[in-house]
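Visitor: I would like to go through this model and ask what stands behind each label.
Guide: Go ahead, and we will set each value against its cut-off.

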Amino acid sequence: MYDTDAPTTRRSFLAAAGGSATLGLAGCLGGGGLDELTVAHMPIYPDLQWYVMEGEGYFDEIDAEIDGQEFTDGPAIVQAFGGGDIDVAMFGIVPAMIVIDRDIPAQVTAANIREPMGVMAEESFHETFEAEGGDAFATWAEENDGPFRFGTFPQGSVPDVLLRYWLRETGVDPESSDAVEIVEINGASAVWQAIANGEIDGTSIMEPVPTIASEEGSSVTMLRTAADILPGQPAAVTMMSDEVRDSPLAAQFVEQHGRATDFIVESPDETAGHVESGIGMPADRARRALDSPLSNFVTDPREIAEATPVFSEFAATNGQIDEQPSNEAIFDFEVYDSL
């Protein structure tokens, strides 16, 4: 469907998209014919392995040039993948399913993180929820003359799916309930601003928003973590085109990905520096966020496989994909197992 060996298309896309970082050394035959990998990523915590691999020079161990391309959202990466401009993508599990649904030859070869989301809510709501469960939203609506307003990423995103799954488990249907409203917000910074400005009553979000909210003394605090809601919750993943998966570069990339995961776990102080330089979050705050119960960085894709069908079901139900893919269609475990 697409040609990843079309340098003119790739380079013209990168130029139009606004710059890329070229890292690593080109191999002669080590990549099985590939001498360049274009890697899409986003400036978010769940893609932290990218910034560690870049900052620690791990790409030098891969027999290809690594062209890093930063995107602001998953749909743009899906479009680039479909156009043959991307070889590897570090993005959400739902966009990865969309790639597969569109018959683009690619599979997930690594997880980036598990259970990274949390449902946050106004502290005044916590006690009522613990006592009444899902009925607490109706109580809130009556007392505040309006629905409880959650603000999170657009429908079908990982935070949105987790929020809707949790609400369903508490017996609340946000599509029909007058007591709950979900507001779409683009970006973690915008979510934090909505919290700070009192525009929303709660959210489903990943770090660093919970850490920022805590340090800024926000009344919106953690109500449930993803581990409480859906153990093994999938989020950001690393997906590779079939051409890459069929080459030695796949194992080389996943090996360095795993090395970055180990670095994050074992060297949080140094990792915080990579967060500051790559994502722009102050290192001291980034360091505290790394101690969060939401900072569960992994590489083994099996760590998220069991909970993935929850997300694929939601993606199909919400119309993001035509039919629910199986885990066999989503994951390629062999690359990780080969290490």
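Visitor: Why are Phe-125 and Phe-129 separated by about one helical turn?
Guide: The model is a predicted one. Phe-125 and Phe-129 are 4 residues apart in helix α5, and therefore about one helical turn separates them.

Visitor: Why is Phe-125 called buried?
Guide: Buried means under 20% relative accessible area. Phe-125 has a relative accessibility of 1%, so Phe-125 counts as buried.

Visitor: And why does Phe-129 count as buried?
Guide: The cut-off is again under 20%. Phe-129 comes out at 6% relative accessibility, so the label applies to Phe-129 too.

Visitor: How many aromatic pairs does a search of the whole structure find?
Guide: The search finds 17 aromatic pairs. Ring pairs also link Phe-125 and Phe-129 into a cluster with Phe-137, Trp-140, Phe-148, Phe-150 and Trp-166.

Visitor: How do you know that the buried residues of α5 line one face of the helix?
Guide: The buried residues in α5, which spans residues 123-132, are Phe-125, His-126 and Phe-129. Viewed down the axis of α5, these buried residues fall within an arc of 110 degrees, so they line one face. Ser-124, Glu-127 and Ala-131 are exposed on the other side of α5.

Visitor: What do the buried residues of α5 pack against?
Guide: They pack against β6 (117-122), α6 (136-144), β7 (148-152), α7 and β10 (220-225). Just after α5 comes Gly-133, with a positive phi of about 65 degrees.

Visitor: What makes a space a cavity and not a pocket?
Guide: In a cavity a 1.4 Å probe fits but cannot get out, whereas a pocket is an open set. The largest pocket has a volume of about 970 Å³. Of its 42 lining residues, the closest to the centre are Met-42, Ile-44, Thr-72, Phe-153 and Met-206.

Visitor: Which element gives the most to the lining of the largest pocket?
Guide: That is α8, with 4 residues. By class, the lining of the largest pocket has 27 nonpolar, 12 polar and 3 charged residues.

Visitor: What lines the second largest pocket?
Guide: Its lining residues include Gln-155, Arg-164, Arg-168, Asp-173, Glu-175 and Glu-313. The pocket has a volume of about 170 Å³. The largest share of its lining, 3 residues, comes from α16. The classes are 3 nonpolar, 3 polar and 5 charged residues.

How values were computed: Residues numbered from 1 in each chain as written. Predicted model: local features only at pLDDT ≥ 70, side-chain atom pairs only at ≥ 80, totals over all residues. Heavy atoms only, no water. 1 Å grid on protein atoms, 1.4 Å probe; cavity = no way out; pocket = protein on both sides within 12 Å on 5 of 7 lines; lining within 4 Å. Points joined across faces, edges and corners; volume = space filled by probe spheres on them. Helix = DSSP H or I, 4+ residues; strand = E, 2+ residues; numbered from the N terminus. Nonpolar A, V, L, I, M, F, W, Y, C, P; charged D, E, K, R; others polar. Buried < 20%, exposed > 50% of the residue type's maximum accessible area, 1.4 Å probe, protein only. Arc of directions from axis to C-beta. Contact = heavy atoms within 4.5 Å. Phe/Tyr/Trp six-rings, centres within 6.5 Å; stacked < 30°, edge-to-face > 60°.
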